[in-house]
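Here's a quick tour of a two-chain model, written for someone who likes cut-offs spelled out. Take a look at it first.

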Amino acid sequence: MKKYVVKRVLSLIPVLIIVSVVIFCLIHLTPGDPARTMLGDQASEIEVENLRESMGLNDPIVVQYVHWVGGIFHGDFGTSIFMDEPMYKIILDHIGPTISLTIYALLISLIIAMPCGIIAARKRGKSQDQVISVFSMVGISVPSFLLGMLLIILFSVRMKILPSAGYKAIVDNGFLKHIEYLTLPAISLGLMQAALITRMTRSSVLEVLGSDYIKMAKAKGVKDKVILIKHALRNALLPIITVIGQSFIALLSGATVVETVFNIPGIGQLVVNSVLRRDYEVIQAVVLVIALGNVVVNLIVDLLYGLADPRISLE
Amino acid sequence: MKKFNKLATLFLSALLSVTMISGCGNKSVSPDSSKDSTAKEESSSAAAPTEDIKSEMHIAINAAPATLDIIKTGGDVGRTIADGNIFEGIVNMKSDYTAGLELAESYEVNEDYTEWTYKLRQGVMFHNGQEMKADDVVASMNRWIECCSNASQMIGNSRFEKVDDYTVKISMEESLMYLNELMATAGQMPAIVPASTIADADPETGLLKEYIGTGPYKFDEWQQDQYIKIVKFDDYTPYGTPGECDARVGYKEAKTPDVYFDIVPDDATRVAGIQTGEYDFIYKLPLDNYSMFENNSDYTLFNDMNGSLGMIYNKKQGISADSVFRQAVNAALDMDAIMQSAYTDPTFYRLDSCYMYQEQLEWYTEAGKEYYNVKDMNRVKELLDEAGYNGETFTLLVSSDYQEFYNAAVVVENQLEKAGIDVTLLVCDWATFLSYRSDPTAFDGFITSWSPVALPTLMNWMTESYPGWVVDTKLIDMEKELNTSTSKEDSLTNWEEMQEYCWSTSLPISKFGDFSMCCVSSSKINNMIYHFGPFAWNATVSK
C-alpha cells in the first residue's frame, strides 16, 4: 500500500511539469498584456512599456518560465499584480468557498442519487424507475446556471427565504450563515451531479443484481434488504466511487458558472477574472493547484477501491 | 410502493431539512437582516446611525477595478468608488461639467494664463492623520502630470512648485486657460495623497500601496472578488454650505458609516440582488430589465446620458489612413440603426453629431452636422471611386466584453458590406482588444465609447498618442490653438471650426450617438447624488 502511494505521488512530478509547460505557453502565447490591462485604456505607450519591463514581460519566454519554476522551488508561486498579495493567500482565500460549495453540492447529490439509483434498479421498468429516469434526464439536461437563476427567482426574489448571491465565510459568520449562502448554488450544482450518479448507481446495481452470487443468495432465502445492502450495493460501489470522484473534480474545477451567477469568490471566478485581465502568475498557480487536486482525488478514489473491494490489491 | 413512499419522504425531508435549516439560520434574509449585525459591530467607532437609518449601504458594481490608484489608471468603476469618497482634488467636476474648487480655497491666474497659483484650505487632514500641505499637493500633482497623457501633453515639462505650506503654483511656457477643467475631468484623477505614499509606491508597478486621501470616507478593506469597503473618516472637515453639493463639489458628509461596493459581474444577479434587498443600489442595469423597475415606487431609476459611442479610424496606416475612404465609410452609416442595435430603444440613446454634450451649452455646436447620419449610397460610391478603393478589407476591431459595442459592430459591418466595402470583424476579449488596438497593423477601425469632458481636446481620440493616432497636422495645430487660447470667445470659435473640419475633412472618428447608463436604487436611499455614477456621501439608507 505504502509503495503504491509513494509510486503514485512520484508520478505527480511529470504530470505537474507537463501541466506547467502547457499552461505557461498557452497563457503567454495568447494575445493580451497584463501591463496594458492594469494601466487601463488611457495609459501611454511609454508607461505600458515601463511596466512590462519591470514585470519582466520583455524577457524571452524561456527565461520567464525558468524564473517562475525557480520561484516555485523556493516556495514562491509569484505575486498577482492586480491583487498585490502572495499567491498562497490568494489561492487559500478562493479555494475555501469552492471546497465548501463542492462538498455541499456533492452531499446533496449523494443524498438524492444513491437512494434513487437503488430504487430505480430494484423497481426496474416500473413506474418508480420511469419517474426517476425522467427526473435524472431533466437533471442532466438543465444547465446549472439556468437552474440557479430559477432558484434565485423562487427562493430569493419571491419567497425571500434564502439570499440571492454572495458568500459568508464560516470563520467570520458562523456555520449556519455559511450554509445559508451556499444552499442555492449547491442545489443548482448538486442536482446535475445527482442525475449522473443516479444513472450510474442504477446501472451498476442492476448489473450486480443479475449476477450468479445474488441468485444464489436469493435461492438460500436471504432477505432482499440484506442482499441489496450487504451484497449488491457493496459490489456495485466501484463504478459509483469512480463517478463520485469525477463529480468532485468536475465540481472543484468547473463550478465557474455557478460561482458567477451566485457571486461566490471561488477558484472558478478567480481563474476567469485572471484570464480576462491576463494575470499570468495567478492563472499558472491556480491551474497547477487544480491539476494537483485532480491527481490527489484520483489517488484517493484508487485507495477507496481497495477498501470497497478487498480483492483489489494496491501492491 | 409503501417502501418507496417512505424512502422518498425520508430523502425529501433530509434535503429540505438541510435547505431550511440553513435558510432559517436568520429569521429572514429579506432586505436587511443579513447585513446589519456585523456592520454594527464593525462600525462601532463610526457615527451611530439613527434608529431609522441603516449603518451600511451596499452598492453593486459590475466589475472590480484593477486598482484604486486612480491617478495612475483611468476607469469608471475605480472613479465611482474613489473619486470624492476617498480622494479629493484641488478642483473637481460640477454637474454642469465645469470645475469647482475642492481642496483649494482660491486661485489666481496671470493675464496670459501661464502662471496659476492655488491657495489651499488649511486644516484638511489625510486619513493617516497628517495635515495636507503644499508638499503633498506638489508631489501628487506632478505625479499626475507624468501619469496622465492629456495632462503631460497640455502642460508639457512644467511642474507644480511649493510657494509656502498652503500655496502651490505652476508656471508654464504656453498659455493654458483650461487648467482647472483639465484637472476636473481628465481620465485620470489628480487626487491629492500624502507625499510619503507616493514615495512608498510599488517599485515594480509604480502604483500606490495605500489609498490615503482627504475624502469623507477612508479605504478599509478589499476582499478580492467580493467587495471593497470604505468607512466614515471621522476627522473629515466638510467645506461649502451644508446641504449644497453640486456633483462632486460642495458640502460632503459621510452619513452612512460603512459603504460596501459589492463586486457582482453577473447582470441577472445584480437585478435579483436589488429585488431581494441585498443591494441598495445597482450599477449598470441591463437595458432589458428597465421596464421591470419603471413606474415602481420601490425603486428609483437613473437614466442620464453617460457617454458617446463611435468608431475610431486608424489614421496611421492601412486603408483608413486615406481620409476620403473614411468619408466613404462615414457616408454609409445609418446611425439610428447602429444605436438601436446597441441600446435597444431611444430611451437609452440620442442621435447627435456634436462631439461635446448638448448639456454643455457653451461648447455645443452643430458644425459639420450635414456629414452625420448621411446614409447616401451614391455618395459612398463616389467617395470610394475617388479613394481608389479596390476591394481591400476593412478590419473592424471590437471587444466582445461589451455587448453594446459588439452589437453596434455587427450592424456597421452589415451596412458597410451593403455599401460595397469588404469588412472583417475582429472580435476579442478586452485584454486582447487593448493589445490589438495599440498595433497600427492590426485594425482599420475600432468601436469604443468616451465620457463627457469639460474641454474638447480632452477627448482621447483627439490626441496623437491615443490608438487611431491623429496625424493630420492641421488638426493638431487647431488643437494646440484651442488649448493655448487666452480668450473664451476665441476658443469657442476655434472649436466650431475644428468640429467642422473633423466632420468635413479629417474625420478622425465617426460618432454614432450619445448613450445613457441605467442604474437603480432602492427607494430607501435618500439624498443620493448621481452624476455618471452614485456618490455615497450625504446619502442615507432607511431601514
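A residue is called buried if 20 or more other C-beta atoms lie within 10 Å of its own, exposed if 12 or fewer, and partly exposed in between, with C-beta atoms placed from the backbone. This is a predicted model, where local features need pLDDT of at least 70 and side-chain atom pairs count only at pLDDT 80 or more, while totals for chains, interfaces and linings use all residues. Residues are numbered from 1 along each chain as its sequence is written, and chains are lettered from A and ligands numbered from 1 in the order in which they are written.

**Chain A: a helix and its partner**

Let's start with A:Arg122, which sits in helix α6 (residues 87-122) of chain A; helices here are DSSP runs of H or I with at least four residues, strands are E runs of at least two, and both are numbered from the N terminus. A:Arg122 counts as partly exposed because it has 19 C-beta neighbours inside 10 Å. From A:Arg122 to A:Asp302 is 180 residues in sequence and 28 Å in space, C-alpha to C-alpha.

How do α6(A) and helix α10 (residues 175-209) of chain A pack, in angle and axis distance? Their angle is about 35 degrees and their axes are 5 Å apart, with axes being lines fitted to C-alpha atoms over the stretch in contact and angles running from 0 to 180 degrees between N-to-C directions. The contact of α6(A) with α10(A) involves 23 nonpolar, eight polar and one charged residue. For those classes, Ala, Val, Leu, Ile, Met, Phe, Trp, Tyr, Cys and Pro are nonpolar, Asp, Glu, Lys and Arg are charged, and the others, Gly among them, are polar.

Chain B splits into domain 1 (31-67 + 215-304 + 518-541), domain 2 (88-196) and domain 3 (305-516), with bounds from an automatic or database domain assignment.

B:Asp225 lies in the loop between β8 (217-223) and β9 (227-232) of chain B; B:Asn295 is in the loop between α9 (290-293) and β14 (299-302) of chain B.
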